[in-house]
Amino acid sequence: MQHKNPHEELWGLSYNPGNVLMLVVAAVIVFLIAYISTRNLKLKPTGMQNFMEWVMDFVKGIISSNMDWKTGGKFHILGITLLMFIFVSNILGLPFSVVIYGELWWKSPTADPVVTMTLAVMIIVLSNYYGVKAKGIKGYLGSFAKPMFFLFPLKIIEEFANTLTLGLRLYGNIYAGEILLGLLAGLGTMWGGLGFFAAVIPTMVWQGFSIFIGSIQAFIFVMLTMVYMSHKVSEDH
Amino acid sequence: MFLDYLVLGSSDQFINGGDILVTLAVFVILMIALKKVAWGPLMGIMQQREELVASEIESAEKSRQESQQLLEDQRSLLKEARLEAQTIVENAKKQGDLQKEEITSAARAEALRLKESAVRDIETEKEKAIAAIRGEVVSLSVLAASKVLEKQVSEEDNRALIEETIAKAGETL
């Protein structure tokens, strides 16, 4: 089940057009969902507006469980966008994957470590940026020596460990899900079509489970984002 | 290496710089676009609803207080009116009593007066009648006496005599 990734270069930067395609597709889907459901906003919400407001309240709940709303309110939009973008990305690879000339084009963008690590690094950099903004340079640097000075190296390691776990957890879950789906799909084509009967039930079960994993991973990603943010921004940690 | 194919997500190059840039760009653009067209208005309307609910609660509280106030006013007005009615009735009763007293006493006085005047009238009539009878008796007596005595006694002497007699009779009467 090992596919090559498509690979091209532009202005000296190598990139994977499959990734680019899937990122854009995910972004467009998220945008359309949000755009369509926030047309015709009413004070008495109906239909999709209810759903969107539920998502907003959900993210608000995640943020509120980590820090008070006064400091956390500015991460609201980041949180909602992250949640929906990662969820849609996780789901995209479930119904099918497209392989053209041995190159994998359609898949979950979050099944690529570069994408998830980019998001993770972005989150950690943002959290440090907001840490400096909230506490000032001195307070920010001082927070590395808390609660004991000799924990300083551990604090440094923690930053990198956080980044790695945040990105690789998401990548690992989604990538593993897709590998197993690929194997099951392969089973479905074995034995002259008879494999279909062997594969159809496990595939359905695994797809359902993958939807669950996809939403859980999106939730965890946003949750950890807010945890790291609150570590940097709040005083009492 | 013959184990290379086992490396997860292995690609031929060390790092996909383009992917990183595209991921960042897509995510940031998505976030900004959504903030503009979706999250912003949605947050606005949720905020608006919050304010609406707060103001509705406030106005409900206010109108409740107002109605409470009105009820209180009405209640006190009613009490006042009832008190007033009571005093009016009482006054009327008192006045009626007074009037009754007055009318009775006036009637009594009138009756007394009428009776008195009647008595007086009777008295004067009686007097008058007595006087008339007396005059009549005198003239009759004179007539009778003159008939009896013929012309021996003058009329003046006779009259004086008779009148004396009658006055005596009147006293004994």
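Me: What makes the model a predicted one, and how are its residues and chains labelled?

Reply: This is a predicted model, in which local features need pLDDT of at least 70, side-chain atom pairs count only at pLDDT 80 or more, and totals for chains, interfaces and linings use all residues. Residues are numbered from 1 along each chain as its sequence is written, chains are lettered from A and ligands numbered from 1 in the order in which they are written, and side-chain values use heavy atoms, with hydrogens and water left out.

Me: What confidence does the predictor give to the complex and to chain B?

Reply: The complex receives an ipTM of 0.77 and a pTM of 0.67. Chain B has an average pLDDT of 84, and 87% of its residues score at least 70; pLDDT is the predictor's confidence in each residue, from 0 to 100.

Me: Why is A:Thr203 called buried?

Reply: Buried means under 20% relative accessible area, exposed over 50%, and partly exposed in between (1.4 Å probe, protein chains only). A:Thr203 has 18% relative accessibility, and therefore counts as buried. This residue is in helix H7 of chain A; helices (H or I, at least four residues) are DSSP runs, numbered from the N terminus. Apart from neighbours within four places in sequence, A:Thr203 is in contact with A:Leu181 and A:Leu184, where contact means heavy atoms within 4.5 Å.

Me: Why is A:Leu164 called partly exposed?

Reply: The relative accessible area of A:Leu164 is 45%, so the residue is partly exposed. A:Leu164 belongs to helix H6 of chain A, and its contacts beyond four places in sequence are A:Met117 and A:Arg169.

Me: What makes the largest nonpolar core, and which residues have the most contacts inside it?

Reply: A nonpolar core is a set of buried Ala, Val, Leu, Ile, Met, Phe, Trp, Tyr and Cys residues joined through side-chain atoms within 4.5 Å. The largest has 57 residues, and those with the most contacts inside it are A:Phe75, A:Leu82, A:Phe85, A:Phe221, B:Phe27 and B:Trp39. Elements giving two or more residues to this core include helix H4 (76-92) of chain A and helix H1 (17-149) of chain B. Leaving aside sequence neighbours within four places, A:Phe85 is in contact with residues of both chains, among them A:Leu23, A:Val30, B:Phe27 and B:Leu30.

Me: How do you know that A:Glu53 and B:Arg49 meet in a salt bridge, and why does the pair join two chains?

Reply: A salt bridge is a side-chain nitrogen of Lys or Arg within 4 Å of a carboxyl oxygen of Asp or Glu. The N to O distance between A:Glu53 and B:Arg49 is 2.7 Å, which meets that limit. A:Glu53 lies in helix H2 of chain A and B:Arg49 in helix H1 of chain B, so the pair joins two chains. Both A:Glu53 and B:Arg49 are buried. Over all chains, the whole structure holds seven salt bridges.

Me: How do you know that B:Glu164 forms a salt bridge with B:Lys168, and why is B:Lys168 called exposed?

Reply: The closest N and O atoms of B:Glu164 and B:Lys168 are 3.8 Å apart, within the 4 Å limit. Both residues lie in helix H2 (residues 155-172) of chain B, four residues apart, about one turn of the helix. B:Lys168 has 53% relative accessibility and therefore counts as exposed, whereas B:Glu164, at 44%, counts as partly exposed.
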